[in-house]
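The following questions and answers are meant to be read with the sequence and the three-dimensional view at hand. Please examine both before reading each answer.

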Amino acid sequence: MKGALALLVTLAVLAVSACGEREQTTEFKRGKYQGKPDSPSWSNAPLAYESGKWTQGDRASWEESIKNRQLAQHEHKRIYQ
Amino acid sequence: MARMKFLCDAERCIECNGCVTACKNENEVPWGVNRRRVVTINDGVVGAEKSISVACMHCSDAPCMAVCPVDCFYKTDDGVVLHDKDLCIGCGYCFYACPFGAPQFPQAGAFGLRGKMDKCTFCAGGPEADRSAVEFQKYGRNRLSEGKLPACAEMCSTKALLGGDGDVVADIYRERVLRRGKGSEVWGWGTAYGPGAPGAQPPAAPQGRKS
């Protein structure tokens, strides 16, 4: 009797074993970036040379620095001043 | 808030491919992958030939982002469209969706094995530690984090290719078009060596002529 009960329990466990299977795919949210996070450009310190001047972590000062560099593309600003 | 954009002035582009070379060199882009290229129409037809330098335009509503089945694209706070190569499956949907042919796929081997997508990053690297060796290997140089503009735009000899914040680029272009002349007024002696006399002013806008 005990043997039959043990066999029944074993069969029942085997029957539902697949239900405990782990999810093998990554969680996916449609339309949402799934990759690694990136850090913004202004989170870096300026280089010692050939680089603009900005305060690390300050977006406004980085944008000002980039804007100054951009104006070098304008020959009227570069030559006639 | 900066929105990074490229603008190529077809009146100035002389098809020198300096931008292409600068990009290849700065980012060490492999053979077969062209993040930037120069397209010429009416090639050889005198007076009708126009060239334009094309790469990823970092669209505000980017179709590559919309069609990517694994959502590996993202847009940075300054409007640059980038992607995570660790997530990319190289399916090529972004290539079909892009109106500029920006996404590139390295191909190698006898069976044309297609690798992960590679495209212009506006010299902003990718989702790895800024200025790291890993970032350079996967995505190329991160010039924006160094306070610099993309190498292609900075290298352009005639300044046909402008890069940076869209508002500033538009201002430069607008002012240039209003003052546009021909020959040495556009590029030449004055641009290379300066106005010649102290206090000289840029050439006046031509009257009664479309630029």
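Q: Which elements of chain B are included in what covers the buried residues of α1(B)?
A: The model is a predicted one. Helix α1 of chain B spans residues 18-27, and its buried residues are B:Cys19, B:Ala22, B:Cys23, B:Lys24 and B:Asn27. The cover over these buried residues includes β3 (50-54), α5 (151-155) and β8 (161-165) of chain B.

Q: Which residue follows α1(B), with a phi that is positive?
A: Helix α1 of chain B covers residues 18-27. The residue after this helix has a positive phi, near 50°, and is B:Glu28.

Q: Which residues does B:Cys152 touch, not counting residues up to four places away in sequence?
A: B:Cys152 is among the residues with the most contacts inside the largest nonpolar core. Leaving out residues up to four places away in sequence, B:Cys152 touches B:Cys19, B:Ala22, B:Cys23, B:Arg36 and B:Leu161.

Q: Which element of chain A gives two or more residues to the largest nonpolar core?
A: This core has 44 residues, and B:Phe73, B:Phe122, B:Cys152, B:Ala153 and B:Leu161 have the most contacts inside it. From chain B, the elements that give two or more residues are β1 (4-8), α1, β4 (73-75), β5 (81-83), α5, β8 and α6 (166-178).

Q: Which element gives the most to the side of chain A that touches chain B?
A: At the interface, 29 residues of chain A are in contact with 38 residues of chain B. On the chain A side, α2 (59-70) and α3 (75-79) each supply at least two residues. The one that gives the most, with six residues, is α2(A).

Q: How many charged residues has the side of chain A that touches chain B?
A: The side of chain A in contact with chain B comprises 29 residues. By class, nine of them are nonpolar and 13 are polar, while the number of charged residues is seven.

Q: Which element of chain A has the lowest mean pLDDT?
A: Chain A has three helices and zero strands. The average pLDDT of chain A is 82, and 81% of the residues score at least 70. Among the elements of the chain, α2(A) has the highest mean, 94, whereas the lowest, 72, belongs to α3(A).

Q: What percentage of the residues of chain B count as buried?
A: Chain B contains seven helices and eight strands. In chain A, buried residues make up 14% of the 81 residues. For the 211 residues of chain B, the buried share is 37%.

Notes: Residues are numbered from 1 along each chain as its sequence is written. Chains are lettered from A and ligands numbered from 1 in the order in which they are written. This is a predicted model: local features need pLDDT of at least 70, side-chain atom pairs count only at pLDDT 80 or more; totals for chains, interfaces and linings use all residues. Helices (H or I, at least four residues) and strands (E, at least two) are DSSP runs, numbered from the N terminus. A residue is buried if 20 or more other C-beta atoms lie within 10 Å of its own, exposed if 12 or fewer, and partly exposed in between; C-beta atoms are placed from the backbone. Two residues are in contact if their C-beta atoms, placed from the backbone, lie within 7 Å. Ala, Val, Leu, Ile, Met, Phe, Trp, Tyr, Cys and Pro count as nonpolar, Asp, Glu, Lys and Arg as charged, and the others, Gly among them, as polar. A nonpolar core is a set of buried Ala, Val, Leu, Ile, Met, Phe, Trp, Tyr and Cys residues joined through C-beta atoms within 7 Å. pLDDT is the predictor's confidence in each residue, from 0 to 100.
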